[in-house]
Amino acid sequence: MTSPVMSKIDHPPQTLRDIVQERMREAIISGQFAPGARLVERPLCDQLGVSRTVVRETIRYLEAEGLVEILPGKGPIVAQLSCEDARQIYDIRQMLETAAATECARNITPALAEQLKAALLELQEAVAAGVPGPMLRATTEFYRIIFAGAGHTVAWEIAQRLNGRISRLRAVTLSTAERQKPGPAHMQEICAAIVSGDAKAAQAAIEQHLSDAKHTAERLLKEG
C-alpha cells in the first residue's frame, strides 16, 4: 500500500502566539507603548483576548529581541533605547548592509532587479500611507531581498535578531522631516545603484543612508 502524497504548505498559518507577538511588537515599535511603560498581564490579556500563558510567552520572546526588559520588583517594561544602543546598532548595520549591498550589486540579474524594484515600490506606497506596520514590514522585505541576492544568509539571521530594535529606530527616523534626505529617497538611491550593478555606488548609498539615519536617531533620542 503506497503512502498518501501531500503537497507542502508554502505559507504555514500563523499561530495565536505569532499574532500576539506581531501585535505587541508593532505596538512597541510604533510608540503605542512608550519606553519605560509597564506591561501588565491582565490588561494585555483583556485587550488581546488571550490567556496569561500566551502573554507571558510573548513578553519573554520580546525580551529576547531587546524590546522588553524585566525589572526586579517591577516586572516587564518596554525597553529604553539609548544613544549608545543606537550607535552600536548602526555600526553593526553598516558592516552587514554595505557588504550585502555590494555583493548583491555584483550578483544582479534581471529577475533580482525586478524583485528589488517591486519591493521599493511597496515601501514607497507604505510610507505614503503613513501606517507604521506595513511601512516597517516593507522595509524589512526590501533588505531581505538585498541580503538574499548577496547570498548572505548568516548575516541576515544576525540582522533578524536585531530586527525589533532596528525597527524601533526606523520608526523614529524613516519618515521624519528632520533628516537631511527622506528615508525613501535613500532607499531609491540604494535600489538604483544595486540594479545598475555598481557595487561602489551601492556601498556609498548605504553609507550615506545609515550616516543620515544615525545622526537623526541620536538627535531625536537625546531630545526625547
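Trainee: What helices and strands are there in the protein?

Mentor: There are 10 helices and two strands. Helices are DSSP runs of H or I with at least four residues, strands are runs of E with at least two, and both are numbered from the N terminus. From that end, the elements run α-α-α-β-β-α-α-α-α-α-α-α. This is a predicted model, in which local features need pLDDT of at least 70 and side-chain atom pairs count only at pLDDT 80 or more, while totals for chains, interfaces and linings use all residues. Residues are numbered from 1 along each chain as its sequence is written, and side-chain values use heavy atoms, with hydrogens and water left out.

Trainee: Why are H4 and H10 called roughly antiparallel?

Mentor: Helix H4 (residues 83–106) and helix H10 (residues 199–223) pack at an angle of about 165°, with their axes 9 Å apart. Axes are lines fitted to C-alpha atoms, for helices over the stretch in contact, and angles run from 0 to 180 degrees between N-to-C directions. Angles under 35 degrees count as roughly parallel, over 145 as roughly antiparallel, 65 to 115 as roughly perpendicular and the rest as oblique. H4 and H10 are therefore roughly antiparallel to each other. The residues of their contact divide into 12 nonpolar, five polar and nine charged. Here Ala, Val, Leu, Ile, Met, Phe, Trp, Tyr, Cys and Pro count as nonpolar, Asp, Glu, Lys and Arg as charged, and the others, Gly among them, as polar.

Trainee: How do you know that Cys-191 is in no disulfide?

Mentor: A disulfide is a pair of cysteine sulfur atoms within 2.5 Å. For Cys-191 the nearest cysteine sulfur, that of Cys-104, is 9.3 Å away. The structure holds zero disulfides.

Trainee: Why is Cys-191 called buried?

Mentor: Buried means under 20% relative accessible area, exposed over 50%, and partly exposed in between (1.4 Å probe, protein chains only). Cys-191 has 4% relative accessibility, so Cys-191 counts as buried. Cys-45, at 6%, is buried as well. Buried residues make up 43% of the 224 residues.

Trainee: What makes Arg-144 partly exposed?

Mentor: Its relative accessible area is 31%, so Arg-144 is partly exposed. Arg-144 lies in helix H6 (residues 132–150). Its C-alpha atom is separated by 9.6 Å from that of Leu-116, 28 residues apart along the chain.

Trainee: Is Leu-67 buried or exposed, and where is its place?

Mentor: Leu-67 has 0% relative accessibility, so Leu-67 counts as buried. Its place is in the loop between helix H3 (52–64) and strand E1 (68–71). Leu-67 and Arg-25 are 42 residues apart in sequence and 7.8 Å apart in space, C-alpha to C-alpha.
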